[in-house]
Amino acid sequence: MRVRRFVGENVSETMGKVKRELGSEAIILQTREFRDGGFFGLFGNKKVEITAAIEEKPVIPQETSRPNYENNVERVKLPIASHVSGLKDQSEGLQMEIKSMRLLLEQMNKQMAGVGEEKSVWPPALEKWAVHLQNRGICDNLVKRLISHVQQTLSPEKWLDDSQVYTRIEANIRQICGQIGLIQPGLDKPRIVALIGPTGVGKTTTIGKLAAGFSIVDKRKVALITADTYRVAAVEQLKTFGEIIGVPVEVVMTPTGLSEALLLHADKELIFIDTAGRSPHHDVHMHELRAFLDKAQPDFTMLVMSATTQSADQQQIYKRFEDLTTHLIFTKLDETGSAGTILNLLGQTTLPIAYLTNGQNVPDDIEAATPYRLAHYVMGDEIPHE
């Protein structure tokens, strides 16, 4: 890994140096502001220092001729050969024991998993629907709820009518997805919207779509702020969005810098804040995120989650960010065939869902979350067949 230190007059200038020297894939290790010159640090010029790193590809050396040391190596190896053989036997024995224990644990887990479970048995006409819902990623409890609703509201002779069964299930799903909350621009002061969430879920692209929609389509006065100075690529991506749609972009490194940027754009109707992706398991990262949000005091704090994430992981992410979150956004719906995991989460929260994204195109591949659209993604386009 190559590590370099860069100094500039402001964040944008220093970030530019990082990009030119290390490229847009560089990772920001540390940022700080300091004063250069003056008297004991007073009255000096304000500077920005960024320490960045880039992973270098290892150089594989070519084979070259070398002196013949084989005889010497043999003389060194011979005295310890028997010892190595003994260690090998011990290692193989230990591996066999571990394998046996693992098999035993797997058998015990399977037996315990069956204890107390009551497997649902559905009429043949509804079995295909239960399987379809399970394949879409919907948990067993909700599958039971959805199929039971069909049994209770449709007479048995109508269970073979795919259209009526689909309508009943869809209506129940829409009821579960009923909490919707969209962004409304501010009147007397800017409406501040912060996007939070783990890494890799598409926060920066989503914030670009939202900003483009409100500024270009709705003709609103919009500003963008990024506090994601951990990745040069994220900063460059948002600055590119801003240039294309004619929206100012501010780069901030500290909560205080965020407050200053918000004051600078007090005349806007909407201010979107892009935060760095945070691991829900990393307490320090979560503490840093809280510090930024405490300064921003956003009107909307939207947790962005990918629909491609496994249901158990979605639940864990949600619980970690729950006390910071006011709304939900789901991304990458075009990349999964099991979007039913969304329903598993929505069935356990009263937080409203705001937007859905289904591609990389800005600003097209984003839509308001409505119960109808959510039901469409959860159910999929195909009606199951026997």
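Predicted model: local features only at pLDDT ≥ 70, side-chain atom pairs only at ≥ 80, totals over all residues.
Which residues of α8 are buried?

1. The buried residues of α8 are V232, A234, V235, E236, L238, F241, G242 and I245. For the protein chain as a whole, 42% of the 386 residues are buried.

2. Helix α8 covers residues 232-245, 14 residues in total. From first to last C-alpha the helix reaches 20 Å, close to the 20 Å expected at 1.5 Å a residue. Just after α8, G246 adopts a positive phi of about 75°.

3. Two packed helices are described by the angle between their axes and the distance between the axes. Helix α7, residues 203-217, packs with α8 at an angle of about 15°, and the two axes lie 10 Å apart. Angles under 35 degrees count as roughly parallel, and α7 and α8 are therefore roughly parallel to each other. The crossing in which α7 passes α8 is right-handed.

4. On the α7 side, the contact is made by T204, T205, I207, G208, A211, A212, S215 and I216; α8 contributes A234, Q237, L238, F241 and I245. By class, this contact of α7 with α8 comprises eight nonpolar and five polar residues, with no charged residues. Of the α8 residues in the contact, A234, L238, F241 and I245 are also listed among the buried residues of that helix.

5. Among contacts in the chain with a separation of 6 or more, 72% are accounted for by residues 24 or more positions apart.

How values were computed. Residues numbered from 1 in each chain as written. Heavy atoms only, no water. Helix = DSSP H or I, 4+ residues; strand = E, 2+ residues; numbered from the N terminus. Expected span 1.5 Å × (residues − 1). Buried < 20%, exposed > 50% of the residue type's maximum accessible area, 1.4 Å probe, protein only. Axes fitted to C-alpha atoms, helices over the stretch in contact; angles between N-to-C directions. Parallel < 35°, antiparallel > 145°, perpendicular 65-115°, else oblique. Left-handed = near helix turned anticlockwise from the far one by under 90°. Contact = heavy atoms within 4.5 Å. Nonpolar A, V, L, I, M, F, W, Y, C, P; charged D, E, K, R; others polar.
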